[in-house]
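Hi,

Here is the structure I said I would pass on.

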Amino acid sequence: TNVAPGTYAIMVLHDANENNRMDYEANRMPKERYGMSGNDMSFGPPSFTASKFEVENKDLELSIRF
């Protein structure tokens with residue numbers, strides 16, 4: 001509610017062990033599931049460019065896979 005117009009990206013993390021951070025395997029792959037706006041499922045860290053969306057003066061609904 002009442003989000004200012006602008007460019008945004010959203011990341012969602014399922015913090016399974018509730019330690020308030022993303023945990024990684026020894027090879028730097030995430031141990032916990034996450035998703036980004038834009039649903040870019042490429043290898044490597046998600047980018048703002050692939051995840052960004054515009055907020056204007058209308059309601060938005062996003063679906064994020066993870």
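Before anything else, please keep in mind that this is a predicted model. A search through the whole structure turns up one aromatic pair. There is also a charge over a ring: the charged end of Arg28 sits over the ring of Tyr24, 4.3 Å from the ring's centre.

You'll find Arg28 in the loop between strand 2 and strand 3. Is Arg28 buried or exposed? With 56% relative accessibility, Arg28 counts as exposed, because the cut-off for that class is over 50%.

Asn20 belongs to the loop between strand 2 (11-13) and strand 3 as well. Asn20 is another non-glycine residue with a positive phi, in this case near 65°. Its relative accessibility comes out at 74%, so Asn20 counts as exposed.

Pro30 lies in the loop between strand 2 and strand 3, and with a relative accessible area of 27% Pro30 is partly exposed. If you leave out residues up to four places away in sequence, Pro30 touches Met22, Asp23 and Tyr24. That Tyr24 is the residue whose ring has the charged end of Arg28 over it. As for Gly6, it is 24 residues from Pro30 in sequence, and the two C-alpha atoms are 29 Å apart in space.

Arg33 has its place in the loop between strand 2 and strand 3, and its relative accessible area of 51% makes it exposed. Which residues does Arg33 contact, leaving aside its neighbours within four places in sequence? They are Val12, Leu13, His14 and Phe66. Take His14: along the chain it is 19 residues from Arg33, yet 5.5 Å separates their C-alpha atoms.

Now for the pockets. The largest pocket holds about 410 Å³ of space. Its lining is made up of 17 residues, and those nearest its centre are Met29, Pro30, Tyr34, Ser42 and Gly44. So what does the partly exposed Pro30 have to do with this pocket? Pro30 is one of the residues nearest the pocket's centre. Strand 3 (residues 34-36) gives the largest share of the lining, with three residues. By class, the lining has eleven nonpolar, three polar and three charged residues.

The second largest pocket has about 240 Å³ of space. There, 14 residues form the lining, with Val3, Val55, Lys58, Asp59 and Leu60 nearest the centre. Seven of the lining residues are nonpolar, three are polar and four are charged.

Last, a look at an inside position. Ser37 lies in the loop between strand 3 and helix 1 (48-51). Ser37 has a relative accessible area of 2%, and is therefore buried. Leu62 is 25 residues away from Ser37 in sequence, with 7.2 Å between the two C-alpha atoms.

If you open the model with one spot in mind, I'd go for the loop between strand 2 and strand 3, where Arg28 lies, and then turn to Ser37 for a buried residue.

Cheers

Terms used
Residues numbered from 1 in each chain as written. Predicted model: local features only at pLDDT ≥ 70, side-chain atom pairs only at ≥ 80, totals over all residues. Heavy atoms only, no water. Phe/Tyr/Trp six-rings, centres within 6.5 Å; stacked < 30°, edge-to-face > 60°. Lys NZ or Arg CZ within 6 Å of the ring centre and 35° of its normal. 1 Å grid on protein atoms, 1.4 Å probe; cavity = no way out; pocket = protein on both sides within 12 Å on 5 of 7 lines; lining within 4 Å. Points joined across faces, edges and corners; volume = space filled by probe spheres on them. Helix = DSSP H or I, 4+ residues; strand = E, 2+ residues; numbered from the N terminus. Nonpolar A, V, L, I, M, F, W, Y, C, P; charged D, E, K, R; others polar. Buried < 20%, exposed > 50% of the residue type's maximum accessible area, 1.4 Å probe, protein only. Contact = heavy atoms within 4.5 Å.
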